[in-house]
Amino acid sequence: MIQEISDEVVSGNSSSKGDTALFMGLEDGAQTFSFTHDVQSNFAVQANDSVLLVNEIGAYEGSQVQRVDDAGVYFFNITANGNWTISVE
C-alpha cells in the first residue's frame, strides 16, 4: 500500500460540513488548536490516526495546546454531522 499526500494541503484554518479527511501543514512547536461544531451529534477530530484532539457530543467550541514535534503535513480525520471549523495558531 502507498499513501500519498493530497495536493489540497491547508494551513492555519479550515471549515466544512460533515465527515472530512483533511491534510494540514503544521509548523513545529506548541500550536493552539481551536474547534467549533454546530450540531447536537458526535464531533471527533483525530490527527494522524493516533492523537484524539476532540471527541464530544453536541455543539462544541473549545481549544487546546498541542506540541508538534516535526513540521510537515498531518492528516486529520473529522467526524461530524454539522458545520465545523479548525483553526491552528
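**Questions on a nine-stranded chain**

Biologist: Is Asn48 buried, exposed or partly exposed?
Modeller: Buried means under 20% relative accessible area, exposed means over 50%, and partly exposed lies in between (1.4 Å probe, protein chains only). Asn48 has a relative accessible area of 37%. So Asn48 is partly exposed.

Biologist: What pLDDT do local features need here?
Modeller: Residues are numbered from 1 along each chain as its sequence is written, and side-chain values use heavy atoms, with hydrogens and water left out. This is a predicted model: totals for chains, interfaces and linings use all residues, side-chain atom pairs count only at pLDDT 80 or more, and local features need pLDDT of at least 70.

Biologist: How many strands does the protein chain have?
Modeller: Helices (H or I, at least four residues) and strands (E, at least two) are DSSP runs, numbered from the N terminus. The protein chain has zero helices. Its pattern along the sequence reads β-β-β-β-β-β-β-β-β. The strand count is nine.

Biologist: What is the radius of gyration of the protein chain?
Modeller: The radius is taken over C-alpha atoms, and the globule rule is 2.2 Å times the number of residues to the power 0.38. For 89 residues, a compact globule would come out near 12 Å. The chain agrees with that, at 13 Å.

Biologist: Which loop holds Asn48, and what is its phi near?
Modeller: Asn48 lies in the loop between β5 and β6. Its phi is positive, although Asn48 is not a glycine. The value is near 50 degrees.

Biologist: What is the phi of Asp49 near?
Modeller: Asp49 also sits in the loop between β5 and β6. Asp49 counts as exposed, because its relative accessibility is 52%. Its phi is positive too, in a residue other than glycine, and is near 55 degrees.

Biologist: Which residues does Leu53 contact, beyond its neighbours within four places in sequence?
Modeller: Leu53 is in strand β6. At 8% relative accessibility, Leu53 counts as buried. Contact means heavy atoms within 4.5 Å. The partners of Leu53 are Phe33, Phe35, Val45, Ala47, Gln64, Gln66 and Phe76.

Biologist: Is Glu61 buried or exposed, and which residues does it contact beyond four places in sequence?
Modeller: Glu61 is in strand β7. Its relative accessible area is 70%, so Glu61 is exposed. With neighbours within four places left aside, its contacts are Phe35 and Thr36.

Biologist: What share of contacts with a separation of 6 or more joins residues 24 or more positions apart?
Modeller: Leu53 and Ser63 are ten residues apart in sequence and 9.1 Å apart in space, C-alpha to C-alpha. Glu61 and Met24 are 37 residues apart in sequence and 20 Å apart in space, again C-alpha to C-alpha. Over the protein chain, the share from residues 24 or more positions apart is 70%.

Biologist: By class, how many nonpolar residues line the largest pocket?
Modeller: Ala, Val, Leu, Ile, Met, Phe, Trp, Tyr, Cys and Pro count as nonpolar, Asp, Glu, Lys and Arg as charged, and the others, Gly among them, as polar. The lining has three polar and three charged residues. Its nonpolar residues number eight.
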